[in-house]
Amino acid sequence: MYKIPLTNYPNQTFSTAIPINGVNRYFVFNLWYNYQACYWLMTITDQQTEQVLVSNIPLLSSTYNFSNLLRQMGYKNIGECYIVPLGNKRLSMPDNTNIGTDFVFCWGDNNE
């Protein structure tokens with residue numbers, strides 16, 4: 001698992017290399033906080049091709065099969081990502097103050 005550092009800045013765009021199945025993939029992340037709905041959204045773009053890979057994915061934590069935010073996009077072979085609550089928090093999603101502290105963003109290899 002690879003941890004992607006996040007801040008609670010309400011609109012953030014950054015690029016990073018993520019190792020997926022032993023190969024570095026380069027992505028541009030755009031995260032923003034929806035103040036009316038009270039949750040974060042994420043769009044991921046391939047940095048080399050500038051192709052949008054996923055758009056407007058809500059950053060919610062869950063359990064079992066639903067915990068992988070990219071599960072329904074497995075055919076894209078871009079790995080798996082999770083929002084993981086830390087400690088004894090019973091919250092299901094980060095808010096505009098605790099993303100990156102009470103919740104971490106993790107990325108892993110494709111589940112084969």
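Visitor: How many bridges join β6 to β7?
Guide: This is a predicted model: local features need pLDDT of at least 70, side-chain atom pairs count only at pLDDT 80 or more, and totals for chains, interfaces and linings use all residues. Residues are numbered from 1 along each chain as its sequence is written, and side-chain values use heavy atoms, with hydrogens and water left out. Strands are DSSP runs of E with at least two residues, numbered from the N terminus, and two of them pair if DSSP finds at least two bridges between them. β6 and β7 run antiparallel, and the bridges joining them number six.

Visitor: Which residue of β7 is the bridge partner of P85?
Guide: Strands of a sheet pair through backbone hydrogen bonds, either parallel or antiparallel. Here the pairing of β6 with β7 is antiparallel. In β7, P85 has as its bridge partner F103.

Visitor: What is the strand order of the open sheet?
Guide: β7 also pairs with β1, in the antiparallel sense, over three bridges. The edge strands are β1 (2-4) and β6, each pairing on one side only. Three strands make up this open sheet, in the order β1-β7-β6.

Visitor: By what angle are neighbouring strands of this sheet turned against each other on average?
Guide: Axes are lines fitted to C-alpha atoms, for helices over the stretch in contact, and angles run from 0 to 180 degrees between N-to-C directions. For this average, direction is ignored. The neighbouring strands are turned by 35°.

Visitor: Why is β7 largely enclosed by the rest of the structure?
Guide: Buried means under 20% relative accessible area, exposed over 50%, and partly exposed in between, with a 1.4 Å probe and protein chains only. Both faces of β7 are covered, with F103, F105 and W107 buried on one side and V104, C106 and G108 on the other. β7 is largely enclosed because the count of its buried residues is six of the six.

Visitor: Is L31 buried or exposed?
Guide: L31 lies in strand β3. Contact means heavy atoms within 4.5 Å, and beyond four places in sequence L31 touches residues including L6, F14, W40, M42 and L59. Its relative accessibility is 0%, so L31 counts as buried.

Visitor: How are the rings of F14 and F29 arranged?
Guide: Rings of Phe, Tyr and Trp (its six-membered ring) pair if their centres lie within 6.5 Å; planes under 30 degrees apart count as stacked, over 60 as edge-to-face and the rest as tilted. F14 in β2 and F29 in β3 are 15 residues apart, and their pair links distant parts of the chain. Both residues are buried. At 5.2 Å centre to centre and 15° between the planes, the pair is stacked.

Visitor: Which residues do ring pairs link into a cluster?
Guide: The structure holds eight aromatic pairs. F14 with F29 is one of them. The cluster consists of F14, F27, F29, F105 and W107.

Visitor: How many disulfides does the count give?
Guide: A disulfide is a pair of cysteine sulfur atoms within 2.5 Å. The cysteine sulfur nearest to that of C81 belongs to C106, 9.6 Å away, and C81 is in no disulfide. C106 is in none either. The count is zero.

Visitor: Is S67 buried or exposed?
Guide: S67 sits in the loop between β5 (52-58) and β6 (80-85). Its contacts, leaving aside neighbours within four places in sequence, are S62, C81 and Y82. With 16% relative accessibility, S67 counts as buried.

Note on methods
Helix = DSSP H or I, 4+ residues; strand = E, 2+ residues; numbered from the N terminus.
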